[in-house]
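I am keeping these notes while I look through one structure, entry by entry. Each entry begins with something I wanted to look up.

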Amino acid sequence: MTKKPEYLLLDTEFVREKTYFSKLCLVQVSGPGIEPTIIDPLDPDTDMEPLLDALNDPDVVKVLHSAYQDLEIFYHLTGKVPSPIFDTQVAASVLGYGEQVSYANLCKDICNVEISKAQQFTDWSKRPLSQAQIDYALGDVIYLKDIYLKLKDQLAERGREGWIVEDIARLSDPDTYHVHTDRVWEKIKMRSDKPRHLGVLKEIAGWREAEAMRRDMPKNFIMRDDTVMEIAMTMPKDKTALERVRGFQSSQVNKPMGKAMLDAVHKIINADPDTLPKRKKKKSFPANKGGILEMLKLLLKIEAAQNDMTPRRIADNDDLQEIALKGEKADVPAMKGWRYDIFGSKCVDLMEGRVGLSLKDGEIDISKVG
C-alpha cells in the first residue's frame, strides 16, 4: 500500500469449531487504488505488517459489514481494535434496510447484484483454496465500496450521521471484546438461585472460561454447562462426592480440574454470605400501568414507521416499561440522543397530556392537545 487510502474495505474468513478464539484464515481488502485482494495469514511467507499498520491508522476508515466478529479477531490478534470504523450493517439499520440486514441483501438492494452464498460454510483453513472460494471471498469486498458510499450519502442526506455514533463507539471499545471471567456465570440459567449455589457457579464458570482460553478450545470441551450446574447445586466437598457428579469424568478427580472444583466449593462454603452473588430479579410490571405501556407500544410503532426503522432499533420492551414507570427520569437509551428526539420526547408529551392519539381518516394521528 504505497499511497494511503481514504478508506479500507475489509472482510475476514475464519473457523472456530474446535478453538476458543477464532482462527483467522483469510483477509479480503480493497479500497481507493487497491484492487480487491486476498491476504493469506496461514501462508508463512505473508507479511501482515502493512495490513496491521493500516488497521491502526487513524486517518484510514475501516469499512466492514457486521463488524463485531472481524474486530474481535483483530483485537485478539493485535491487542487493539481497528479504528476508525464504519459498519455498513449499523448504518443500514437506521436507514430503513432492517435491523440486521445481511450483506447479500444490501448487494441486492443497493447494487442490484445477487451474490452466491454457496461457499458460506466451507473450511477456510484448508489449502489450497479453490477458485470458487477465492471468488466468494472477494465478493465480500467488491460490492462493499458502493454500499459504503451509498449509505454514507444517505446518512448525510437524512441527517443521521449521529445516529450510528453510539453503536460505532461500542464496536470500537476494547472492553467489548474482553472476556470478563468473573461475569460468565450470569449467562448460565441454573435452576437454583441460592447464593451459595450461585457462588460455586461463578467460581467454576470463571475457571472453565480461563482454562478454555488458556488451552484455546471451546469451553464445553472442558466441561459442559450441565456438569457445571450439577457441581454448583450439589456442592461436593470431597473426591468421593465429586466422582458421583453426573457428567464429571472420574479420571479428572485427582487431577488439577478436580482440585479446582473442590477448592471452589470450599471457598464458597467458607465465604461471608454478604459477598455471595445474587441474581437480579426483575420486578413484575404494575397492572395499573398497563394502559400507559400499551399506548407507548403503539406510539413506538407509529414513530418507527414514520422514521423508516424497526421498532427495536429505537426502544425495546424494557425501555418502554421504564418510561411508563418513570417518564422523563427513565434512564434508558430511548430517552437519550437521537432516540429521545424522535421518540422519547413524544413519550413524555403523551404521558403528560400534551399530545394525544386519535383516528383521522382511518389512520392513527398524533396531535397536540388543547
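**Entry: helix α7.** Against which elements do the buried residues of α7 pack? I found that they pack against α2, β5 (85–87), α3 (88–93), α14 (311–314) and α16. Before going on I noted that this is a predicted model, in which local features need pLDDT of at least 70 and side-chain atom pairs count only at pLDDT 80 or more, while totals for chains, interfaces and linings use all residues. Residues are numbered from 1 along each chain as its sequence is written, and side-chain values use heavy atoms, with hydrogens and water left out.

For the names I used, helices (H or I, at least four residues) and strands (E, at least two) are DSSP runs, numbered from the N terminus. In α7, the buried residues are D167, I168 and L171, where buried means under 20% relative accessible area, exposed over 50%, and partly exposed in between (1.4 Å probe, protein chains only). Looking down the axis of α7, I saw that its buried residues fall within an arc of 95 degrees, so they line one face of the helix; the arc is that of the directions from the helix axis to the C-beta atoms.

**Entry: D167 and its partner.** D167 is found in helix α7, which covers residues 165–172, and its relative accessible area is 11%, so D167 counts as buried. Leaving out residues up to four places away in sequence, D167 touches V90, R313 and R339, contact meaning heavy atoms within 4.5 Å. With R313 it forms a salt bridge, the closest N and O atoms being 2.9 Å apart; the term stands for a side-chain nitrogen of Lys or Arg within 4 Å of a carboxyl oxygen of Asp or Glu. Because R313 lies in helix α14 and D167 in helix α7, the pair ties together parts that are 146 residues apart in sequence. R313 is buried too, at 8% relative accessibility. I also noted a network of salt bridges that links E166, D167, R170, R313 and R339.

**Entry: another salt bridge.** The side chains of D318 and K282 meet at 2.8 Å, N to O, in a salt bridge. Here D318 lies in helix α15 (residues 317–326) and K282 in the loop between α12 (256–269) and α13 (290–306), so the pair ties together parts that are 36 residues apart in sequence. D318 is partly exposed at 40% relative accessibility, whereas K282, at 61%, is exposed.

**Entry: aromatic rings.** How many aromatic pairs does a search of the whole structure find? It finds seven, counting rings of Phe, Tyr and Trp (its six-membered ring) whose centres lie within 6.5 Å, with planes under 30 degrees apart called stacked, over 60 edge-to-face and the rest tilted. Y20 and F21 are edge-to-face, at 4.9 Å centre to centre and 75 degrees between the planes. The rings of W163 and W338 have centres 4.4 Å apart and planes at 10 degrees, so this pair is stacked. W163 sits in the loop between α6 (144–157) and α7, and W338 in helix α16 (residues 337–351), 175 residues apart. Both W163 and W338 are buried.

**Entry: the nonpolar cores.** The largest nonpolar core has 69 residues, and L51, I314, I323 and F343 have the most contacts inside it; such a core is a set of buried Ala, Val, Leu, Ile, Met, Phe, Trp, Tyr and Cys residues joined through side-chain atoms within 4.5 Å. Helix α16 gives the largest share of this core, six residues.
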